[in-house]
Amino acid sequence: MDILKNVDKNKLQRIMLIVVSALTLLALVLLLVIIMASVDKSLGDKKVNDIVDSLEFESKPITSAQLATGSLVLANSDHPYSVDQSQLDLIGCQFYRNEHRTVEKGPYYAYNEHFLNTAAMAAAHDMLTDAESAVKLNDLLIRYAYGKHDSSHEEYNTALLIYLSNYDDGELHGDYASWLDKNAVKYGFVESFENGYRYVGKVHAKYMTDEKLSLSEYIEYLKKNTSHEKLLKLKDSDGTSYAIYYVACAEGDSVNLPVISDESTADTAVSYEISGTNEGGIIVTVKLN
């Protein structure tokens, strides 16, 4: 108290005024940041909604290849999966290994007999490279994939499933398992069974993981709740927006697919992919930006 008596009251008031002013300014800046973030999100959502509202559709026949292939084909005991190998767009894991490492060292190792769908292989390469960089343990191994696998798991036949382990002991160490649990979705993978990771694509992996859905449950949800007139709007882990819908169909049936304009700009770019489901339909994934 004696110290306070000796302090110049005017000086103390000035200090307090500066502190209050600084705190007020900081609060205003934070409020402005929150408002701007909200506006940006609002504008982003409006842009996506505008693109969705402007989508036009045209009737096109569905081919046997479209029905039989894609990242969302269902393969289990109730839905056996077998297609012509030429339709799977395969790439050998060994070839991919040799492109990125010597025979002994590099991001990951796999045997000559293993193959994957090209898109799944590219995603697996990124995922395993980043996993090893983050965890810094010995090499990960794609122990099983299409061509050399445990026949009890029908999903291997899709060329979209990999079974992972460490190179030296056949086990997937806890640090790698924990990393994959948190990050596999960012690369488009979901865990189909212990150490078995199925590629479905980023946007589908995120929704399935967030909603705790298996692939069959996800397909059933889309089947019951979507159509080309009722699109499910989602974002993947990178923030890219999509509109998704299910169509029940057979080979030769005409279905409504988005019209892709040659005049689209970077702001309104639209593209789409079709995946068969192996249960009587297709899923159309429309990329909106």
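User: How far apart in helix α8 are E220 and K224?

Analyst: Helices here are DSSP runs of H or I with at least four residues, strands are runs of E with at least two, and both are numbered from the N terminus. E220 and K224 are separated by about one helical turn, because they are four residues apart in helix α8. Their side chains meet in a salt bridge (3.8 Å, N to O); the term denotes a side-chain nitrogen of Lys or Arg within 4 Å of a carboxyl oxygen of Asp or Glu. Please note that this is a predicted model, in which local features need pLDDT of at least 70 and side-chain atom pairs count only at pLDDT 80 or more, while totals for chains, interfaces and linings use all residues. Residues are numbered from 1 along each chain as its sequence is written, and side-chain values use heavy atoms, with hydrogens and water left out.

User: Is E220 buried, partly exposed or exposed?

Analyst: Buried means under 20% relative accessible area, exposed over 50%, and partly exposed in between (1.4 Å probe, protein chains only). E220, at 35%, therefore counts as partly exposed, whereas K224 is exposed at 63%.

User: Which residue does the side chain of K223 meet in a salt bridge?

Analyst: K223 pairs with E279, at 3.5 Å from N to O. This pair links distant parts of the chain, 56 residues apart: K223 lies in helix α8, and E279 in the loop between β12 (271-276) and β13. K223 is partly exposed, at 38% relative accessibility.

User: How many salt bridges are there by this rule?

Analyst: The count comes to six. One of them joins K206 to D210, with the closest N and O atoms 2.9 Å apart. These two residues are four residues apart in helix α7, and so about one helical turn separates them. K206 is partly exposed at 27%, and D210 is partly exposed at 44%.

User: Which residues of helix α7 are buried?

Analyst: In α7 (residues 202-210), the buried residues are V203, H204, A205, Y207 and M208. They pack against several elements, including α8 (215-225), β7 (189-193) and β10 (241-248). Just after α7, K212 takes a positive phi of about 55 degrees.

User: Where does Y156 lie?

Analyst: Y156 is found in the loop between β5 (140-144) and β6 (161-166). Y156 has 0% relative accessibility and therefore counts as buried. Contact means heavy atoms within 4.5 Å. Leaving aside neighbours within four places in sequence, Y156 is in contact with residues including Y144, H149, L161 and F193.
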